[in-house]
Amino acid sequence: MALRKIRQLGDEVLSKKCREVREMTPRIRELIEDMKETMYEANGVGLAAPQVGVLRRVVVIDVGEGPIVLINPRILEQSGERTEDEGCLSLPGKAGQVTRPAYVKVEACNENMEKVILEGEELLARAFCHEIDHLDGHMYVEKVEGGLHDVVYEEEEEA
Ligand code: NI
């Protein structure tokens, strides 16, 4: 496993549409493991393959309940609305208000290329939408309401 470099907003790879994964290969397995390691190292809750420069439909998410791997994810259903601060590892230190569905049902393949159906509410629903947007070349900043602001970390507030 290895850490990969996280591409930053403005890198053209982040605005491209990713290709589907047709079969699991050693290369894709390595990509998934590297993405998990890179996400955890950066304290992120999600990472999409284009953020490490790979134009394939692969996402890793961990909202604090263990890692989720999504290959070729697709939103089947969504409902409700939540407007909350959202950030991205491709734009560190910034956040902005984005409206997302409160509930999302996703179909994807897992690491064994088996079809799975996953449901998420609140932060997980937001993560599904945010990461799937990356696979289509979209960043959350396109959806921000009222502009971006600097993120104040809790450690700094206490200091
Ligand atoms: Ni992101």
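Student: In which sense do β2 and β3 pair, and over how many bridges?
Tutor: Strands of a sheet pair through backbone hydrogen bonds, either parallel or antiparallel. Here β2 and β3 pair in the antiparallel sense over four bridges. Two strands count as paired if DSSP finds at least two bridges between them, and helices (H or I, at least four residues) and strands (E, at least two) are DSSP runs, numbered from the N terminus.

Student: What should I know about the origin of the values?
Tutor: The model is predicted: local features need pLDDT of at least 70, side-chain atom pairs count only at pLDDT 80 or more, and totals for chains, interfaces and linings use all residues. Residues are numbered from 1 along each chain as its sequence is written, and side-chain values use heavy atoms, with hydrogens and water left out.

Student: What is the order of the strands in the open sheet?
Tutor: The five strands are arranged as β1-β2-β3-β6-β7, with antiparallel pairing. At the edges stand β1 (46–48) and β7 (115–121), each with a single partner strand, so one side of each lacks a neighbour in the sheet. On average, neighbouring strands are turned by 40 degrees against each other, direction ignored. Such axes are lines fitted to C-alpha atoms, for helices over the stretch in contact, and angles run from 0 to 180 degrees between N-to-C directions.

Student: Which strands does helix α1 touch?
Tutor: Contact means heavy atoms within 4.5 Å. Helix α1 (residues 26–41) packs on the sheet, touching β1, β2 and β3 (68–79), and its direction makes about 35 degrees with that of β2. Helix α2 (residues 122–135) also packs on the sheet, touching β1, β2, β3, β6 (103–109) and β7, at about 125 degrees to the direction of β7.

Student: What does G120 contact beyond its neighbours in sequence?
Tutor: G120 lies in strand β7 and is buried, with a relative accessible area of 2%. Leaving aside neighbours within four places in sequence, G120 is in contact with A102, Y103, V104, A125 and F128.

Student: Which residues coordinate the nickel ion?
Tutor: Donors are N, O and S atoms within 2.8 Å of the metal (3.2 Å for Na, K and Ca); water is not among the atoms, so sites may look incomplete. The nickel ion is coordinated by C88 (SG), H130 (NE2) and H134 (NE2), at 2.0 to 2.3 Å. Along the chain, these donors follow the spacing C-x41-H-x3-H. C88 lies in the loop between β4 (82–86) and β5 (94–100) and H134 in helix α2, so the pair ties together parts that are 46 residues apart in sequence. Both C88 and H134 are buried.

Key:
Buried < 20%, exposed > 50% of the residue type's maximum accessible area, 1.4 Å probe, protein only.
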